[in-house]
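Student: I have a model open and would like to go through its layout and some of its local packing. Could we take it step by step?

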Amino acid sequence: TSAALRIPTLARAPKDPDAPVRATNDDAAVSKLSAVQHGYFTDEFLSVFVSQPQRRPPLIHRGYFARLAAIEILRSQFLEHVGDNPCNFVSLGAGFDTYPFHLMRAGCRNITCYELDLPPNVQRKTEIISTHSALRDLFGDQLPSYIHSATKEIHAPNYHLICADLRDMDAVRESLAHAGLQQHLPTFVLSERCLVYIAPEKSAAVLDYFGRFPACVFVIYEQIRPD
C-alpha cells in the first residue's frame, strides 16, 4: 500500500485587532478630500494623503463640513483667548489631519502641536511628509534630523508626531513628557472619533490625565449610541 500523502497546513498570520480602527483614518481622508473637491472647504495639503480619490455622497460632504466648522470655531475661540502666548495643541488619533501644517505655513510659532496615533499610521504619515515637497518644505532642511530612525516619529521645534496607544496612558504620559509637553500652558485637546474605539475605563484614564492640566480645553467629537 502506498503511504498516505500528508499535506502541510499553512499557518495563518494572526489578525491585527487594530487594523479596522487604523483603516478609519484612510476612509476619513478620502471623505474629506471629496468634500474639498466639491467646494465645501479648502485644504491644499490633503490630496497628498489620498492615493485613490473617491466621490462621496452629499450627506457625507455636509457631515464633514459641519464637523470641521464646529471644531474650527472652538479652536479659533481658544487661540483668540490665548493670543500670542505659548500654548499646546494635542490631537488624539490624529491620523492624516493637516491642521498643524496650516499653522506652520501661517508662521504660528507660539503653538506646539502634538499628534498621537498608532505606530503604523505615524510611520505612513512621516513617509508622506518626507516624500512630498509641499509638506517637507515646511520643516526646512532639518527634517531628516527631526525623524527618529527606529520609530519614524517626528520631533521638530513646534511639531511632534508620536507613536502612542491610548490604552497605555503611562506610556503616553512618558512620550509627551519626552517630547517636551508643558502641562502648565493652555492646552487644546482634540479627540475626533478616537476614544470610542477603546474601553470606557481607558477613555476615563485619558480624560483624567488631561483633566489635571490647569488650563485645558478638551473637545470631543465621537459617535454615540443613544438609549
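Student: What percentage of the 227 residues of the chain count as buried?

Tutor: This is a predicted model, and a residue is taken as buried when its relative accessible area is under 20%. With that cut-off applied to the 227 residues of the chain, the buried share is 41%.

Student: How many helices and strands does the chain have?

Tutor: From the N terminus, the elements run α-α-β-α-β-α-α-α-β-β-α-β-α-β. The secondary structure therefore comes to eight helices and six strands.

Student: Is V50 buried or exposed?

Tutor: V50 lies in the loop between α1 (19-37) and α2 (58-82). Leaving aside neighbours within four places in sequence, V50 is in contact with A29, V30 and L33. Its relative accessible area is 9%, so V50 is buried.

Student: What separation do the C-alpha atoms of V50 and R62 have?

Tutor: Along the chain, V50 and R62 are 12 residues apart.

Student: At roughly what angle do the axes of α1 and helix α4 cross?

Tutor: Two packed helices are described by the distance between their axes and the angle between them. For α1 and α4 (residues 119-131), the axes come within 10 Å and the crossing angle is roughly 35°.

Student: How do the residues of the contact of α1 with α4 divide into nonpolar, polar and charged?

Tutor: On the α1 side the contact is made by R22, N25 and D26, and on the α4 side by P120, N121 and R124. Sorted by type, these are one nonpolar, two polar and three charged.

Student: How many of the six residues of strand β1 are buried?

Tutor: C87, F89 and S91 point one way from β1, while N88, V90 and L92 point the other way, and all are buried. The strand, residues 87-92, is therefore largely enclosed by the rest of the structure, the count being six of the six.

Student: Which residue in β2 does F89 stand opposite?

Tutor: Strand β2 covers residues 111-117 and pairs with β1 in the parallel sense, over six bridges. In β2, the residue opposite F89 is C113.

Student: Over the ring of which residue does the charged end of R75 sit?

Tutor: The charged end of R75 is 3.7 Å from the centre of the ring in question. That ring belongs to Y99.

Methods. Residues numbered from 1 in each chain as written. Predicted model: local features only at pLDDT ≥ 70, side-chain atom pairs only at ≥ 80, totals over all residues. Heavy atoms only, no water. Lys NZ or Arg CZ within 6 Å of the ring centre and 35° of its normal. Helix = DSSP H or I, 4+ residues; strand = E, 2+ residues; numbered from the N terminus. Buried < 20%, exposed > 50% of the residue type's maximum accessible area, 1.4 Å probe, protein only. Contact = heavy atoms within 4.5 Å. Axes fitted to C-alpha atoms, helices over the stretch in contact; angles between N-to-C directions. Nonpolar A, V, L, I, M, F, W, Y, C, P; charged D, E, K, R; others polar. Pairing = 2+ DSSP bridges.
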